[in-house]
Each structure stands twice: as structure tokens, then as C-alpha cells.
Amino acid sequence: IGIFSAGGGGSDPAKQFPDLLTDPAATNKKMKVIWLCAGTTDFALAGSKGLDKILTDHNVKHSFTETPGGHEWKVWRFSLHEFAPLLFR
């Protein structure tokens, strides 16, 4: 899963995706990669940080990266460049 500049939209991932969080061992076994990234001036940064915290609190393995920029292609190009190789390990 690659999540680029996701704000969460006010949803509660614990309610929206309970299976993902209630059994972190199973999630970690099934998921090859969960990678989050947002720009430092992106309006969605707070939501991305919130999702990072939820995944961390539930012991779901993932990566979170901040990069300079806003909600824009420059950030998403960086995200894709960093994320894509992880799919082929």
C-alpha cells in the first residue's frame, strides 16, 4: 500500500478498517509494504501524521516520510520514486 498525501478525510481508520488494526501480527504477515508520505506544507500532512500514529500505536509495520512541498506532483513523484522499488524486493 502506498499512501501519498492522504488526509484521512475525517474518517477513523480503527472503525473503517478494524481487521487491519485488531490483529497486527496478521496484518504484518499479509502486507508486504505500507508506505506513507506527505509534503511538509501539504494540507493533508496532519491526516498522514494521524494515520502514522494509529499504525504505530497498533504495531502495524509501515514507513512514514515527510518531504518538502505541498499537495502537488513534486511530492507525489518523490513518493512514487521511493515507494515503487519496495514493491519488487
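1. Let me start with charge pairs: the count comes to 2 salt bridges, a salt bridge being a side-chain nitrogen of Lys or Arg within 4 Å of a carboxyl oxygen of Asp or Glu. Before going further, please keep in mind that this is a predicted model, in which local features need pLDDT of at least 70, side-chain atom pairs count only at pLDDT 80 or more, and totals for chains, interfaces and linings use all residues. Residues are numbered from 1 along each chain as its sequence is written, and side-chain values use heavy atoms, with hydrogens and water left out.

2. One of the salt bridges joins Lys49 to Glu66, with 3.7 Å between the closest N and O atoms. Lys49 belongs to helix 4 and Glu66 to strand 3, so this pair ties together parts that are 17 residues apart in sequence. Helices (H or I, at least four residues) and strands (E, at least two) are DSSP runs, numbered from the N terminus. Lys49 is partly exposed at 39% relative accessible area, and Glu66 is partly exposed at 37%. For these labels, buried means under 20% relative accessible area, exposed over 50%, and partly exposed in between (1.4 Å probe, protein chains only).

3. Lys53 and Asp57 also meet in a salt bridge, at 2.7 Å from N to O. These two residues are 4 residues apart in helix 4, which means a separation of about one helical turn. Asp57 is partly exposed, with a relative accessibility of 47%.

4. Staying in helix 4, I would look at Ser48. Ser48 has a relative accessibility of 3% and therefore counts as buried. What does Ser48 contact, leaving aside its neighbours within four places in sequence? The partners are Ser5, Ala6, Leu36, Cys37, Ala38 and Phe64, where contact means heavy atoms within 4.5 Å.

5. Ser5 has a positive phi of about 55° although it is not a glycine. Ser5 sits in the loop between strand 1 (2-4) and helix 1 (13-16), and is buried at 5% relative accessibility.

6. Asn59 is another non-glycine residue with a positive phi, near 60°. Its place is the loop between helix 4 (45-57) and strand 3 (63-67). Is Asn59 buried or exposed? Asn59 is exposed, with a relative accessible area of 57%.

7. On to the rings: a search of the whole structure finds 4 aromatic pairs. Rings of Phe, Tyr and Trp (its six-membered ring) pair if their centres lie within 6.5 Å; planes under 30 degrees apart count as stacked, over 60 as edge-to-face and the rest as tilted. Among the pairs, Trp35 and Phe83 have ring centres 6.2 Å apart and planes at 35°, so this pair is tilted. Trp35 lies in strand 2 (residues 35-39) and Phe83 in helix 5 (residues 73-83), so the pair ties together parts that are 48 residues apart in sequence. Both Trp35 and Phe83 are buried.

8. Trp73 and Trp76 give an edge-to-face pair, because their planes stand at 85°, with the ring centres 5.2 Å apart. Both lie in helix 5, 3 residues apart, about one turn of the helix. Trp73 is exposed, at 60% relative accessibility.

9. A last item for your viewer is the aromatic cluster: ring pairs link Phe4, Trp35 and Phe83.
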